[in-house]
Amino acid sequence: TETAMGVPAVWAAVNFISGTLASLPIEVYRKTDGGSERVSNGIGGWIDRAVNPALSSFNWRKYTYEQMLTGGRSVTLIVRNNSGEITDLVPLDPTTVQVSNATVDGYPTKSYRTSTQVYAASDIIDLTFMVKHNMLDVRSPLATHRDVIGLAIAASRYGAKAFQAGGIPPAVLQGPFQSGSAAQRASEDVAKTTAKLAREGRPIMALPAGHELKSIGFSPNEMQLLELQRFCIEQIARIYSLPPVFLQDLTRGTYSNTEQQDLHFVKHTLRRWIEQTEQEMNLKLFGRVSDLSVRYNVDSLLRGDLKTRMEAHATSIQNGIRTPNEVRDLEDLEALASGDDLLIQGATVPIGSQTGVADANA
């Protein structure tokens, strides 16, 4: 994992997805006869602020997704008091947790063993990238695609070595050497001279008569190093279902397709991780049947897009979807005295019934 994270594309993919998911507000709602209401007490009061006294909600979720996107699994312990109320969430190191089969009340389930304790599945929030056929082990995206990531590492290392040598590929020195030791001294002299010329930026080196220096390697241009690195970025983007523009590859980016890739990221990449997290947390925190549920607020992705956000607010008010005060609450503005009524535009009316038209016809 540490070596793979040295690839900028892998670093960008993991950091971008985990940071975006962690930045979304997470809220608790209760179903009512009239719809749903926000829960602000108990777990609903602290899950979006701090999951335990020493860890903020953002850092917990970012760590959780980082582990899932690299090793393939993240594990969080649910801490309850004597009354069964949830008081804290504590992330565990997934590399130290052993998952095995267990049976509770005749039903197959899982148990999670650490070096000091065994936890039931109901006490663990277990998020996985992809589960193997035994429903216990996981597939790490980094380990599964080690060859692709290894290719990116090799390309970076080759480029670094080539430019450390002044961009000069390996070469063979030919000449009328009298002995093996003479050939060795000559090659060492040429190597020192080549390194000196690279440091000083001088492109010309003189060789004794009868000697010739021939290249036996490929230059970065001949190896299509830039194209190879770009291909590696595209491969890593495929691993994480991430549009290449989010890995700063704008080679084929235009205004229109970049906007569509932005929508693709929300609809086809973020949504599945959000849905998985919500369902896992709802099951482990509240059980199979409960009026409570955890929700991610995806609307906050527009927090930095004022124009689109205001247009959406205006549309919701004009069509009677939200009241002005509900919109003002979303923007952290003070409520208005007359802002609790649903409004709708009255300009769309049957032909001939507009004010003045009917009187003229009469």
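Biologist: Is E326 buried, exposed or partly exposed?
Modeller: E326 is partly exposed, with a relative accessible area of 41%. Here buried means under 20% relative accessible area, exposed over 50%, and partly exposed in between (1.4 Å probe, protein chains only). Please note that this is a predicted model: local features need pLDDT of at least 70, side-chain atom pairs count only at pLDDT 80 or more, and totals for chains, interfaces and linings use all residues. Residues are numbered from 1 along each chain as its sequence is written, and side-chain values use heavy atoms, with hydrogens and water left out.

Biologist: Where does E326 lie?
Modeller: E326 lies in helix α10, residues 324–330. Helices (H or I, at least four residues) and strands (E, at least two) are DSSP runs, numbered from the N terminus.

Biologist: Which residues form the negative surface patch?
Modeller: The patch consists of E326, D329, D332, D340 and D341. Patch residues have over 30% relative accessible area and no salt bridge, and like charges are joined within 9 Å (nonpolar side chains, namely Val, Leu, Ile, Met, Phe, Trp and Tyr, within 5 Å). Asp and Glu count as negative, Lys and Arg as positive, and His and the chain ends are not counted. The charge is placed at CG of Asp, CD of Glu, NZ of Lys or CZ of Arg. The areas come from the Shrake-Rupley method with a 1.4 Å probe, and for residues only the protein chains shown count as cover.

Biologist: Salt bridges, then. How many does the structure hold?
Modeller: The structure holds seven salt bridges. A salt bridge is a side-chain nitrogen of Lys or Arg within 4 Å of a carboxyl oxygen of Asp or Glu. Side chains of opposite charge can pair when their charged atoms come close.

Biologist: Which residue does D126 pair with?
Modeller: D126 forms a salt bridge with R73, and their closest N and O atoms are 3.0 Å apart. This pair links distant parts of the chain, since D126 is in strand β10 (residues 124–128) and R73 is in strand β5 (residues 73–80), 53 residues apart.

Biologist: Are D126 and R73 buried or exposed?
Modeller: D126 is buried, with a relative accessible area of 8%. R73 also counts as buried, at 9% relative accessibility.

Biologist: And what does R80 meet in a salt bridge?
Modeller: The side chain of R80 meets that of D123 at 2.9 Å, N to O. D123 lies in the loop between β9 (118–120) and β10, while R80 is in strand β5, so the pair ties together parts that are 43 residues apart in sequence. D123 counts as partly exposed at 23% relative accessibility, and R80 is partly exposed with a relative accessible area of 31%.

Biologist: What is the partner of R30?
Modeller: R30 forms a salt bridge with E37, the closest N and O atoms being 3.9 Å apart. R30 is partly exposed, at 31% relative accessible area, and E37 is partly exposed, at 39%.

Biologist: Let us turn to helices. How many residues has α1?
Modeller: Helix α1 (residues 8–23) has 16 residues and reaches 22 Å from its first C-alpha to its last, close to the 22 Å expected at 1.5 Å a residue. The expected span is 1.5 Å times one less than the number of residues. Its buried residues include A9, V10, A13 and V14.

Biologist: How many residues of α3 are buried?
Modeller: Ten of the 14 residues of α3 are buried, so this helix is mostly covered. Among the buried residues are W60, R61 and Y65. Helix α3 is followed by G72, whose phi is positive, near 100°.

Biologist: Which residue other than glycine has a positive phi near 55°?
Modeller: That is D105, found in the loop between β7 (98–104) and β8 (107–113). D105 counts as exposed, at 73% relative accessibility. M135 is another non-glycine residue with a positive phi, near 65°, and M135 is exposed, with a relative accessible area of 52%.
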